[in-house]
Amino acid sequence: MKRKIFDDGLIICHSPKSLFFTCILFSSIFVFIFLHSPSKNIDFFTTRKTNNKAKQTFDIDRATLLLSTQDKVDNDLVVESEVEETNDPLVPPEHVSRQERIAWFRRKIPELHILNSNSLSKQFHRRVLEFLSGGCSVQFYMVWLSPAKSFGKTNLLSVESLFKAHRQGCLIILSNSLDSNRGYRILKPLLDRGFRILTVSPDLPFLVNNTPAEAWLKELKSGTKDPGAIPLSQNLSNLIRLTILYKYGGIYIDSDIIVLRDFSKLRNVVGAQSIDAVSKQWTILNNAVMVFDIYHPLLLDFLEEFALTFDGNKWGFNGPYLLSRVVSRIIRSKSNGYRDFNFTIFPPEAFYPVHWHRIERVLKKPKNKMELRWAEQMVSQLNGSDTYALHLWNKRSRDCKIEEESVLARLILDHCLICNNL
């Protein structure tokens, strides 16, 4: 005799024959639903409990999941699953010929979402304007094209130091990976303290529109241009920082910059990375810190140089050396030098007070009295009136630990907010 138990609408049969046919029935239904599902990779969110019933779960659109940080807070979403971060598709294969690399890139283009507009990135301009309309004493920008999980302690210290010097400032981080639930969690300690940070997916076609780089992007997307052996993300970062300054104005800094002083009085400034020991003239400019008014003509020259001379095989060619080439030409062609373009070149001590091949020393603990005295003098010098920031040269310092009592550890204690990242 069969006995049926009804529990929340589910029927459980306890005879062997019934159990067999029931299993077959449920299996068939499950296969039918799975095969006819519009997507096999569905994200879910869970609504708050309003009574003792089980939670209701709904499908949500990807664009809804990737709301801005402010929207996430307002809607109080609890995300059940998150897209796993995969290997960077912008890193080219090694030891291949130019033609092989172009063929590889052509196959990869459908995966390179950053090159195209989508439903989320099309909101870029609106989100930026809404964010800036809230009022900022000064507006900063960073670009982060790596996975969110790579945004580490040094990068958070950079953000902390920025807000330590600019309490009423705003920071916009152009990043697909940080414009996410994981990105929100990373920056939550600062957001909870009221600091104004917007992580936003960049709309590259919009940013290059009506600039010399528009044709460059079109050619790149055609699959006929060599992206180079250097990861394309580095050169896209070089491009994006120029376009964001051109279209909105403000201050761009790399995410490995420790801010030491107020930037708010700076106008149209770039910094020299090095100078000639004899002539005392700059030899290389750097693009890790740039301050420009909106639509500044020098930025347009930088964008034109990027489009016309792009070379993805030479480190720094489309970044620091690009700035150096353009400014050198301007100085040669103008009788009064670069002042005709209304901008200033700061000496290395302003933004790059420690050369890249010496950066590891400021992370090390002093071993004796002589080194301790040097560390104390260095901290005093860096906190002086001539230095605005310290570039940590991430490529050289990222694998180094910030040791106790080191120059950097002492600086961080002076310029951090939360101070949990040592």
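**A covered strand and its surroundings**

Analyst: Strand E5, residues 139-143, is mostly covered, with 4 of its 5 residues buried. Keep in mind that the model is predicted.

Start with the partners. E5 pairs with strand E6 (residues 170-174). The sense is parallel, and the pairing runs over 5 bridges. Gln139 stands opposite Cys170 in E6. Between the two strands the chain passes through helix H6, and this β-α-β crossover from E5 to E6 is right-handed.

E5 has another parallel partner, strand E8 (residues 250-253). Here 2 bridges join the strands. Tyr141 has Tyr252 as its bridge partner in E8. On strands in general: side chains in a regular strand alternate between the two faces of the sheet.

Now the rings. The count of aromatic pairs comes to 18. One of them is Phe163 with Phe195: the centres are 5.0 Å apart, the planes make 35°, and the pair is tilted. Phe163 lies in H6 (residues 153-165), while Phe195 is in the loop between helix H7 (181-191) and strand E7 (196-200), so the pair ties together parts that are 32 residues apart in sequence. H6 is also the helix of the crossover from E5 to E6. Phe163 has 0% relative accessibility and counts as buried. Phe195 has a relative accessible area of 10% and is buried as well.

The rings of Phe292 and Phe302 meet at another angle: their planes are at 80° and their centres 6.4 Å apart, so this pair is edge-to-face. Phe292 belongs to strand E11 (residues 282-292) and Phe302 to helix H11 (residues 297-309). The two are 10 residues apart, and the pair links distant parts of the chain. Both Phe292 and Phe302 are buried.

Ring pairs also build a cluster. Its members are Phe140, Phe263, Phe346, Phe351, Tyr352, Tyr388 and Trp393. Phe140 brings the cluster back to E5, which spans residues 139-143.

As background, most residues other than glycine have a negative phi.

Tyr295 also has a positive phi, near 60°, and is not a glycine. Its place is in the loop between E11 and H11. Those are the elements that hold Phe292 and Phe302. Tyr295 has 51% relative accessibility and counts as exposed, the cut-off being over 50%.

Charges meet rings too. The charged end of Arg196 sits over the ring of Phe131, 4.4 Å from the ring centre. Arg325 does likewise with Phe317: its charged end sits over that ring, 3.9 Å from the centre.

Two loop residues show how sequence and space part ways. Pro231 is found in the loop between helix H9 (213-221) and helix H10 (232-248). Pro92 is 139 residues away along the chain, yet the C-alpha atoms of Pro231 and Pro92 are separated by 6.2 Å. Leaving out residues up to four places away in sequence, Pro231 touches Leu90, Val91 and Pro92.

Thr211 sits in the loop between helix H8 (204-208) and H9. With a relative accessible area of 8%, Thr211 is buried. Beyond its neighbours within four places in sequence, Thr211 is in contact with Tyr246, Lys247 and Leu303.

Finally, the whole chain. It has 16 helices and 13 strands. Of its 422 residues, 47% count as buried. Consider contacts between residues at least 6 apart in sequence: 75% of these join residues at least 24 apart. The chain exposes about 22800 Å², and carbon and sulfur atoms supply 53% of that area.

Technical notes: Residues numbered from 1 in each chain as written. Predicted model: local features only at pLDDT ≥ 70, side-chain atom pairs only at ≥ 80, totals over all residues. Heavy atoms only, no water. Buried < 20%, exposed > 50% of the residue type's maximum accessible area, 1.4 Å probe, protein only. Contact = heavy atoms within 4.5 Å. Areas by Shrake-Rupley, 256 points an atom, 1.4 Å probe, with all protein chains shown as cover. Phe/Tyr/Trp six-rings, centres within 6.5 Å; stacked < 30°, edge-to-face > 60°. Lys NZ or Arg CZ within 6 Å of the ring centre and 35° of its normal. Pairing = 2+ DSSP bridges. Right-handed = clockwise from strand over helix to strand, strands pointing away.
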